[in-house]
Amino acid sequence: MAVRRVAIAAVSVLLVAAMAGCSSGKSSGSGKHPAAPSSSGAGSGSLPAGGPPAALQYGPGPQAKYTVQTQPPAGSCHFGYTAAKEPLEDKACTPGALNPKVTTTTLKTTICKPGYTATIRPPASVTDPEKAANAKSYGYTGALHDAEMDHLISLVLGGDPDDPRNIWVEPPSPDHKQGGGPNNPKDGVEAKLSSAVCSGKVQLAAAQNAIATDWTTALAKLGLK
């Protein structure tokens, strides 16, 4: 009986120690929580293709000197299309990223200030090679002249200027004339959303989330169409 009591006592000690380890956050592994998604770089914070975005993350914001950013691997991204054949981005590659300088308290000095976006737009020496690389990411084989190097969340809506998560090669829309250069209806959607934000009709975050979810339904979702 004495031996049995000792054995039971030993088991009890072990159980108490194990429970203490759990309550302190320790485990049999490294004890570290999974790292939070990074705020920059292709693939960080990536999302499954399709559906609404998760909470949008901030990118590095405007830079005094931009450098060419690495794009997703060739063939790793895939276009989606609406029933009307309008192109959609792959959310695993292009979930969108925000400009940290643009907030509800800085609207008048940023996106609602005429000429602001021109001061933060990366030069062609940076965007041209990014466009060529991103076309390979998406497997786009058409004329680059007819495709637009697009910010998913546009600069006029507080999108990050050069975060790889916020740029994609947008193919021409169905009614586009070959050789005519980029002329996509998404630009008009962006302009209307920007006007609504700056007039106070729509909240900044609502506009950003709407266009990051699906640019073709953003206006209707916010009661602007």
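This is a predicted model: local features need pLDDT of at least 70, side-chain atom pairs count only at pLDDT 80 or more; totals for chains, interfaces and linings use all residues.
The partner of D163 is R165: the two form a salt bridge, and their closest N and O atoms are 2.8 Å apart. R165 is buried as well, with a relative accessible area of 1%.

Leaving out residues up to four places away in sequence, D162 touches Y66, T67, Q69, P122, V126, E130 and I167.

## A salt-bridge network

The structure holds four salt bridges in total. Side chains of opposite charge can pair when their charged atoms come close. Which residues are linked in a network of salt bridges? They are D150, K186 and E190.

Let's take the links one at a time. K186 and D150 meet through their side chains, with 2.9 Å from N to O. K186 belongs to helix 4 and D150 to strand 5, so this pair ties together parts that lie 36 residues apart in sequence. K186 also forms a salt bridge with E190, where the closest N and O atoms are 2.4 Å apart. E190 and K186 are four residues apart in helix 4, which means that about one helical turn separates them.

## Strand 5, covered on both sides

In a regular strand the side chains alternate between the two faces of the sheet. In strand 5, both faces are covered. E148 and D150 are buried on one side, while M149 and H151 are buried on the other.

Strand 5 has strand 6 as a partner: four bridges join the two, and they run antiparallel. H151 has I167 as its bridge partner in strand 6. I167 is also among the residues that D162 touches.

## Two nonpolar cores

Now to the nonpolar side of the structure. The largest nonpolar core has 26 residues, and those that touch the most other members are I111, I153, L157, V189, L193, V197 and I211. Helix 2 (116-120), helix 4 (186-198), helix 5 (204-213) and helix 6 (218-221) are the elements that give two or more residues to this core. Which helix gives the most? That is helix 5, with five residues.

Beyond its neighbours within four places in sequence, V189 is in contact with I211, W215, A218 and L219. There is also a second, separate core of twelve residues, which includes C93, A135, A147 and M149. M149 is one of the buried residues of strand 5.

## Two disulfides

A disulfide is a covalent bond between the sulfur atoms of two cysteines. How many disulfides are there in this model? The count comes to two, and with bonded cysteines counted along the chain they follow the pattern 1-2, 3-4.

C77 and C93 form one of them, with their sulfur atoms 2.1 Å apart. Their link is left-handed, with -100° about the S-S bond. C77 lies in the loop between strand 1 (57-58) and strand 2 (80-81), and C93 in the loop between strand 3 (87-88) and strand 4 (97-98), so the bond ties together parts that are 16 residues apart in sequence. C77 is buried, with a relative accessible area of 1%, and C93 counts as buried at 9%.

C112 and C198 form a disulfide as well, their sulfur atoms 2.0 Å apart. The torsion about this S-S bond is about -95°, so the disulfide is left-handed. This pair links distant parts of the chain, 86 residues apart: C112 is in the loop between strand 4 and helix 2, and C198 is in helix 4. C112 counts as partly exposed at 26% relative accessibility, and so does C198 at 36%.

Technical notes. Residues are numbered from 1 along each chain as its sequence is written. Side-chain values use heavy atoms; hydrogens and water are left out. Contact means heavy atoms within 4.5 Å. A nonpolar core is a set of buried Ala, Val, Leu, Ile, Met, Phe, Trp, Tyr and Cys residues joined through side-chain atoms within 4.5 Å. Buried means under 20% relative accessible area, exposed over 50%, partly exposed in between (1.4 Å probe, protein chains only). Two strands pair if DSSP finds at least two bridges between them. A disulfide is a pair of cysteine sulfur atoms within 2.5 Å.
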